[in-house]
Amino acid sequence: MADDPASDHDFMAEALELASAAAALGEVPVGAMVVEEGGRVLARAHNRRELDQDPLAHAELIALRAAARARGAWRLDGCTLYVTLEPCAMCAGALVNSRIDRLVFGASDPKAGHCGSLGDIVRDPRLNHRLAVRSGILADESSRLLREFFAHLRRSGGGSRGL
């Protein structure tokens with residue numbers, strides 16, 4: 001899938017709206033979308049770990065599952081995942097296994113990110129599939145949303161939920 005800076009910005013802006021919706025529900029504000037080549041959106045999702053009491057309910061995994069259902073196939077070649085925060089090791093592994101072509105993310109995650117920060121699962125040459133990665137799209141906005149969410153949690157006595 002070719003890089004398209006204008007589309008990347010537009011889709012990331014929509015993922016940010018999903019992240020804001022997650023924050024409003026008390027979820028860590030991460031939004032994700034899977035988009036097919038040509039611009040057809042296959043799936044939209046946000047974190048649901050608290051709502052579902054499910055440790056696997058990361059925005060990326062929910063979006064991948066919905067995209068596979070929409071496509072009727074587990075292989076998501078020709079697709080891009082847009083996500084507001086750099087995926088963790090679990091989600092990065094799922095991206096490789098789903099055969100997604102591209103990953104576009106907003107904020108880097110120096111504590112848990114495995115798409116360039118702590119590790120780079122999605123571009124590991126030892127694996128059978130690698131992704132093109134574009135990072136930093138609306139990173140300031142994504143980071144601000146996360147900072148404000150966790151600041152609000154601390155002020156309200158909600159503790160410090162991990163990502």
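Helix H3 has 13 residues and reaches 18 Å from its first C-alpha to its last, close to the 18 Å expected at 1.5 Å a residue (the expected span is 1.5 Å times one less than the number of residues). Helices (H or I, at least four residues) and strands (E, at least two) are DSSP runs, numbered from the N terminus. This is a predicted model, in which local features need pLDDT of at least 70 and side-chain atom pairs count only at pLDDT 80 or more, while totals for chains, interfaces and linings use all residues. Residues are numbered from 1 along each chain as its sequence is written, and side-chain values use heavy atoms, with hydrogens and water left out.

**Helix H3**

- The buried residues of H3 are Ala59, Glu60, Leu61, Ala63, Leu64, Ala67 and Ala68; buried means under 20% relative accessible area, exposed over 50%, and partly exposed in between (1.4 Å probe, protein chains only).
- Their cover includes S1, S2, S3 and H4.
- Just after H3 comes Gly72, with a positive phi of about 75 degrees.

**The sheet**

- An open sheet of 5 strands has the order S2-S1-S3-S4-S5, with mixed pairing; two strands pair if DSSP finds at least two bridges between them.
- Strand S2 (41-46) and strand S5 (132-135) stand at the edges with a single partner strand each, so one side of each is left without a neighbour in the sheet.
- From one strand to the next, the twist averages 15 degrees.
- Helix H3 (residues 59-71) packs on this sheet and touches S1, S2 and S3, and its direction makes about 155 degrees with that of S2. Axes here are lines fitted to C-alpha atoms, for helices over the stretch in contact, and angles run from 0 to 180 degrees between N-to-C directions.

**Strand S3 and its partners**

- Why is S3 described as largely enclosed by the rest of the structure? Because 7 of the 7 residues of S3 are buried.
- Strand S1 (residues 31-36) runs antiparallel to S3, and 5 bridges join them; Val34 has Leu81 in S3 as its bridge partner.
- With S4, S3 pairs in the parallel sense over 5 bridges, and Leu85 has Ala107 in S4 as its bridge partner.
- S3, helix H4 (residues 89-98) and S4 make a right-handed β-α-β unit. Right-handed means that, with the strands pointing away from the viewer, the path from the first strand over the helix to the second runs clockwise.

**Asn47**

- Asn47 lies in the loop between S2 and helix H2 (49-52), and at 5% relative accessibility this residue counts as buried.
- A polar atom of the Asn47 side chain lies 3.3 Å from the backbone oxygen of Val28.
- Leaving out residues up to four places away in sequence, Asn47 touches Ala22, Glu27, Val28, Val30, Ala57, His58 and Ala59 (contact means heavy atoms within 4.5 Å).

**Helix H5**

- Helix H5 (residues 139-155) has 17 residues and reaches 24 Å from its first C-alpha to its last, close to the 24 Å expected at 1.5 Å a residue.
- Buried residues in H5 include Leu145, Leu146, Phe149 and Phe150.
- Helix H1 (5-24), strand S3 (79-85) and strand S4 (102-107) are among the elements covering the buried residues of H5.
- Gly157 follows H5 and has a positive phi, near 80 degrees.

Technical notes: A polar contact is a pair of N or O atoms within 3.5 Å; within protein, one must be able to donate a hydrogen and the other to accept it, and residues adjacent in sequence count only if both atoms are side-chain atoms.
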